[in-house]
Amino acid sequence: MVPHLTTALTGPLLTLEKRLLDNMPRIEHWFRSQWQEYGAPFYASVDLRNAGFKLAPVDTNLFPGGFNNLNPDFLPLCIQAAMVAVEKICPDARRLLLIPENHTRNTFYLRNVHALTHILRQAGLEVRIGSIAPEITAPTFLETHDGHSILLEPVRRKANRLELDNFDSCAILLNNDLSGGIPDILQGLEQSLIPPLHAGWATRRKSNHFTAYDRVVEEFAPLIDIDPWLLNPYFDTCGGLDFHARLGEEQLAEKVDSLLAKIRRKYAEYGVKQEPFVIVKADAGTYGMGIMTVKSADDVRDLNRKQRNKMSVVKEGLKVSEVILQEGVYTFEHLKDAVAEPVIYMMDHFVVGGFYRVHTSRGADENLNAPGMHFEPLTFETPCSTPDCAGAPDAAPNRFYAYGVVARLALLAATIELQETDPDLLDERT
């Protein structure tokens, strides 16, 4: 279920949102049955876009780095969900080793580590932060942007376990998305790794996630009698690319053209007047890198040098050779005249809150995960319960219920994705 939250939309409840709200008992029963079959990831965040005529996820992060952006009122929800998540993995866990990203100079990210550590400690765990960054060779205190301090300690490996001084943990929580590859120190451990190594961007592909999401929505949509497209962006993939050498350019342009034509047919079916667009982004990676908005095949053919440089590498300097082409979903949410999109946070299968990603210089058809963005925490409505069946149909808590449903569909897709790409299970099948 999801908490009562405010949203940036204040107009009448849209048809899709109302359909979800009207079918709430059926939807919640369906989710309960799914979670009995599948174990949810420890945590995740989902970027949503609400175009009015459709509501869809555009990215799912399995190493969420924005717990500091959640409203402090969410803390009880986070603590309760963390308790459930930890009990499933290591029922008698007392100690947890948290391994963060290596970019220790990002003080806002460090604030996320501080917030996440606080949640886990409040859930009854002894938590210490172990770094695998080469420059952390001794216990090191680092300051966040708002004056908090965290202690990073160098991790050492003893046989098949990771330890700190006088600290041996039952499980290891990764808040490091492994974009630069899987380091040797993390391989072959006997401790539980959360999430598993194959959830990292060294091996994970967005196309695998949205392939799983396709199947989830195909099963879910008939439950409430809607067109799956209303919750699902079309997508395609293209490999063999070299943006600098212009290799694969024509193939990418043709795929953009084909996807745009497919979107136009749906827009015509639903009487959508906006111009369709496609987001082209690296099939692996995060931090809003390697992304562009295109509205015609010529946009791909006419890239200038700066645009090619932007598309050619992502986090950790990794070269982009595979991209996912995703139907662009407009966002019609605004905060203080700036374009916004909701980011929903979950621990285990519980929605624990979220925030708005806001960008003052980007449009409704552009990627908002870019320099210049800022975050606005979603706040609680009063009372805090879900949903407000006795309230007005377009009450803000009811509007947010739709976001919680779609975010959990993406979470379920991530669960299936991880199961189907688990190397141990693949070995068993072969």
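**Exercise 1. State what covers the buried residues of helix α6, then describe the helix itself.**

Solution. The cover of the buried residues of α6 includes β12 (235-238), β13 (278-282), β14 (291-294), α7 (297-301), α8 (305-312) and β15 (323-327); contact means heavy atoms within 4.5 Å. The model is predicted, and local features need pLDDT of at least 70, side-chain atom pairs pLDDT 80 or more, while totals for chains, interfaces and linings use all residues. Residues are numbered from 1 along each chain as its sequence is written, and side-chain values use heavy atoms, without hydrogens and water. Helices (H or I, at least four residues) and strands (E, at least two) are DSSP runs numbered from the N terminus.

Next, take the buried set (under 20% relative accessible area, with exposed over 50% and partly exposed in between; 1.4 Å probe, protein chains only). In α6 it consists of Glu249, Leu252, Ala253, Val256, Leu259, Leu260, Ile263, Lys266 and Tyr267. Seen down the axis of α6, these residues fall within an arc of 145°, so they line one face of the helix; the arc is that of the directions from the helix axis to the C-beta atoms. The face turned away carries the exposed residues Arg265, Ala268 and Glu269.

**Exercise 2. Check the span of helix α5 (residues 206-224).**

Solution. The expected span is 1.5 Å times one less than the number of residues. For the 19 residues of α5 this gives 27 Å, and the end C-alpha atoms are 27 Å apart, so the two agree. Just after α5, Asp225 has a positive phi of about 60°.

**Exercise 3. Is Arg305 buried or exposed?**

Solution. Arg305 lies in helix α8. Its relative accessibility is 70%, so Arg305 counts as exposed.
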